[in-house]
Amino acid sequence: VRVFEGINFLNRKPEMTDAEMTAMHARAKKAGMYPYGASPEQMHTVARRPIDAPEIDNSWQAMWRAIGVDKLLELVTESIEDGGR
């Protein structure tokens, strides 16, 4: 069973050096997470958009707004933030 997905399950930085990645995997191994998908062989990294990249506003974005997905995501976010009350 793969439990962890991504590059920063034991790190708060969205981008990491090779040394930081190696240290993160060492912490995961010490914590007993390797059997659950945390070893370097079982993981992959995900490309990230630069923080200062321009916003994406294309036909897909317009369609999601037209059918209200943006409003739905706002409601879900609010529900999560207030503990689902």
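**Fold and surface**

Modeller: Read along the sequence, the protein follows the pattern α-α-α. The model is predicted.

Biologist: How many helices and strands does the protein have?

Modeller: The pattern read along the sequence is α-α-α. Strands number 0, and the count of helices is 3.

Biologist: Of the 85 residues, what percentage count as buried?

Modeller: Buried means under 20% relative accessible area. Of the 85 residues of the protein, the share that counts as buried is 16%.

Biologist: Is isoleucine 67 buried or exposed?

Modeller: Isoleucine 67 sits in helix α2, which covers residues 59–67. Its relative accessible area is 58%. Exposed means over 50%, so isoleucine 67 is exposed.

Biologist: Which residues form a nonpolar patch on the surface?

Modeller: Isoleucine 67 is exposed, and it belongs to this patch. Together the patch residues have about 450 Å² of accessible area. They are Trp60, Met63, Trp64 and Ile67.

Biologist: Which residue caps the N-terminal end of α2?

Modeller: Helix α2 spans residues 59–67. At its N-terminal end, a side-chain oxygen lies 3.0 Å from the backbone nitrogen of tryptophan 60. That oxygen belongs to the capping residue, asparagine 58.

Biologist: Which residue follows α2?

Modeller: Residues 59–67 make up α2. The residue after α2 has a positive phi, near 90°. It is glycine 68.

Methods. Residues numbered from 1 in each chain as written. Predicted model: local features only at pLDDT ≥ 70, side-chain atom pairs only at ≥ 80, totals over all residues. Heavy atoms only, no water. Helix = DSSP H or I, 4+ residues; strand = E, 2+ residues; numbered from the N terminus. Buried < 20%, exposed > 50% of the residue type's maximum accessible area, 1.4 Å probe, protein only. Patch = residues over 30% accessible without salt bridge, like charges linked within 9 Å, V, L, I, M, F, W, Y side chains within 5 Å. Areas by Shrake-Rupley, 256 points an atom, 1.4 Å probe, with all protein chains shown as cover. Salt bridge = Lys/Arg side-chain N within 4 Å of Asp/Glu carboxyl O. Polar contact = N/O pair within 3.5 Å; in protein donor to acceptor, adjacent residues only side chain to side chain.
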